[in-house]
Amino acid sequence: MSRSLDWYARRLSRMSPAEVGWRVGDRLRQVRWAERQVHPGEAFPPVPGLLSPRVFVTTLPTDARARVPREAARLVVAAADRLLSGDWDVLGTPRRDIVDPDWFFDPVTRRRAPDAALAFRIDHRDELVTGNVKSVWELSRHHHLTVLAAAWWLTSDARYAELVAAQLRSWWTGNPFLSGIHWTSGIELGVRLTSWVWVRRLLDDWPGVSDLFEDNPQALAQLHWHQEHLAAFRSRGSSANNHAIAESVGRLAAACAFPWFAESEGWRQDASRELERELAANTFPSGVNQELATDYHRFVTELGLVAVLEAEAAGHPLGEETRILLARSLDAAAAMLDVAGRPPRQGDGDEGRALVLDDPHADPWLVLLACGAATLGACDWWPPVSPGVMSTLLAEVVPTRAVVDRPSVIPQAFADAGIHILRTPKGEGPEIWCRCDGGPHGFLSIAAHGHADALSVEVRHDGVELLVDPGTYCYHGQPEWRSYFRSTRAHNTVEVDGEDQVHEAGPFMWTGHADAVVDGYDADPAGRQKWTAHHTSYSRLDAALRHAREVVLDSTGARITVTDTLTSSRVHRLRMFWHLGPEVTAELVGGVVADLRWAGRDGQLGQGHLELPIALTWSAHRGETRPPLGWYSSRFGARVPTTTLVGVGEWSGILDLRTALRLPCSTTAATAAATGRSVAVGHKPVGGMP
């Protein structure tokens, strides 16, 4: 047993009695199913309930290729060619064996995950057992095979189809029922099924496709096993987050596209009901995903779009309420992007994709919006998006049917999620963008992908990150780094007595929830926007302890002011953190002002200054490891040093702390750009600096 008894006790404490009952039932089922394990090298048993004839009917129109944008087609074919040459990354790590992969190898730790052990006995959270399991699992989602299949569909070059067939046969042979790491997590089975549906669709005109799928005993067995497993072992209760949705989407897509088994109709109906129920449970009325992890908002919305299209193509459309829900999610995604098209970085993110049919390097948020526009329609205020391979093909499977009654102007407040975007008006100089977090800690009792970040902010200037959320970096295997990136000290907020706002109980679990509440949001005609919120999560230390924050964006003065008010009944020690973007350099002047410089998107020098509360003692930290401080993760598995400003002090009673970020006004920035001079920055207002 690689996990401690304490972990199991904490996990049990976050479950309802009903969930405990479900999990006991799952454990008993695992005991019964263990005797059904098929070991590597053994013959696959006959598939029960197999129907004939087996036909794949949700195909693409024969003339659809002509409607794929030429550049999008070129990029996906180029990606497939890179793969053929052995040039491929998985979560930022090269896979030199991509042409003939070892499905169990982890290139991060160089370990090999179990390939023959009974899946129910593998602890996938223990890196000593599996290596970096996220890296191992990712390749077996088979997104690289959908890229190859798309390249075949576009070019009819047999090399792509033949490699897809070889790798699928290799995977099916090497991963028999319940053997090895790839049977340990339902979300992996669900995403993999979705990929297989699209591989079959894209290879429909390839001469060998029937031998690969409908006439292949291994393929039929795997399709049946995957759906049977997902129907039996579901993410429920405190685990019913994006996992439950991905599992339901995979089940629905497979049952619609491969109705080749006696259970198929029942599986389809059950998956449809479960998907619609879980999508509604996982989504606020505003359209924001309840996990409050922005990357998972994108992932779940993408999953939902794929499911809507698969169900409708098979003649079993989902309800109109689900289409409206997904349109709200799309509008929320579009509204939260900054001027450069970059989303907030709230909570966890691991780059999950429902389906990959474009160049894997394409921006996934723009791919999502292109798919949304092609299927459910777009609002006039959305950022411009260009159609790609995936968006074109989704519209070919089912023609666009736009959802009406959408917002006429870009939303800035998502009150139910506690998210507010303060931003300067479009077209009035470089955009100042600020995300304020005053919402729930996360979703369900464990808040698996939430961070201890109550009242934190992100700030960007013309798409350049100035005050940043640190990102995620890792999940398993590096507990100190996992703890840091989700900690209070890794976010732009206040820590009390050296403790997180909420104690973590495991890498995907908290002992409780931060109780942030938004008290108000308003904007006046003069361009002043104000957000106020508070939390009392530290009341466990002192019943009177309260942290309130006010953020004011002065659009005309190009200034953001943050006022923190801390209340207590006795002396406490506090630390305030301001994490700067990786492109920002800072110089502390006089101990209370930080001069900031950065390269803008246009190559021009950006300058501003951060006035820090004088009641605290300030210091700069960068890339420290004992303990970690001053780090930024741009993507899963990558981290770079960045500057963190830390203010330390003590207080009792009431303490007010004021921080002001002053940025170039549009007139000053324009003058500087025209003359080739940089904007002067100092202790006092200079030129356009208010």
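Residues are numbered from 1 along each chain as its sequence is written, and side-chain values use heavy atoms, with hydrogens and water left out. Because the model is predicted, local features need pLDDT of at least 70 and side-chain atom pairs count only at pLDDT 80 or more, whereas totals for chains, interfaces and linings use all residues. The pLDDT is the predictor's confidence in each residue, from 0 to 100. Its mean over the protein chain is 94, and 96% of the residues reach 70 or more. Over residues 667–690 the pLDDT stays under 50, and the model has 38 contacts beyond four places in sequence for this segment; a contact means heavy atoms within 4.5 Å.

Helices (H or I, at least four residues) and strands (E, at least two) are DSSP runs, numbered from the N terminus. Helix α3 comprises 15 residues, 70–84, and reaches 21 Å from its first C-alpha to its last, close to the 21 Å expected at 1.5 Å a residue; the expected span is 1.5 Å times one less than the number of residues. The buried residues of α3 are Ala-72, Ala-73, Val-76, Val-77, Ala-79, Ala-80 and Leu-83, where buried means under 20% relative accessible area, exposed over 50% and partly exposed in between (1.4 Å probe, protein chains only). They cover an arc of only 150° around the axis, which puts them on the same side of α3; the arc is that of the directions from the helix axis to the C-beta atoms. These buried residues pack against α6 (143–155), α7 (158–174) and α16 (389–397). Just after α3, Gly-86 takes a positive phi of about 90°.

Helix α16 also contains Ser-391, which counts as buried at 4% relative accessibility. Leaving aside neighbours within four places in sequence, Ser-391 is in contact with Ala-370, Cys-371 and Ala-374.

A nonpolar core is a set of buried Ala, Val, Leu, Ile, Met, Phe, Trp, Tyr and Cys residues joined through side-chain atoms within 4.5 Å. In the largest core, of 146 residues, those touching the most other members are Leu-168, Trp-198, Leu-202, Leu-203, Phe-213, Phe-258 and Leu-393. Helix α13 (residues 294–313) gives the most to this core, with 10 residues. Apart from it lies another core, of 49 residues, among them Leu-422, Ile-560, Trp-578 and Leu-655.

Two strands pair if DSSP finds at least two bridges between them. An open sheet of 5 strands has the order β3-β4-β5-β6-β7, with antiparallel pairing. Strands β3 (413–414) and β7 (464–467) stand at the edges, each with a single partner strand, so one side of each is left without a neighbour in the sheet. Strand β6 (residues 457–461) pairs with β7 over 3 bridges, and Val-459 has Leu-467 in β7 as its bridge partner.

Strand β12 (residues 528–535) pairs in the antiparallel sense with β11 (residues 517–523) over 6 bridges and with β13 (residues 546–554) over 8 bridges. Tyr-521 stands opposite Trp-531 in β12, while Thr-532 has Glu-550 in β13 as its bridge partner. The hairpin of β11 and β12 has 4 residues between the strands, and Gly-527 in this hairpin takes a positive phi near 95°.

Gln-501 lies in the loop between β8 (494–496) and β9 (504–506) and is buried, with a relative accessible area of 1%. Beyond four places in sequence, the residues that Gln-501 touches include Asp-453, His-535, Tyr-538 and Arg-540.
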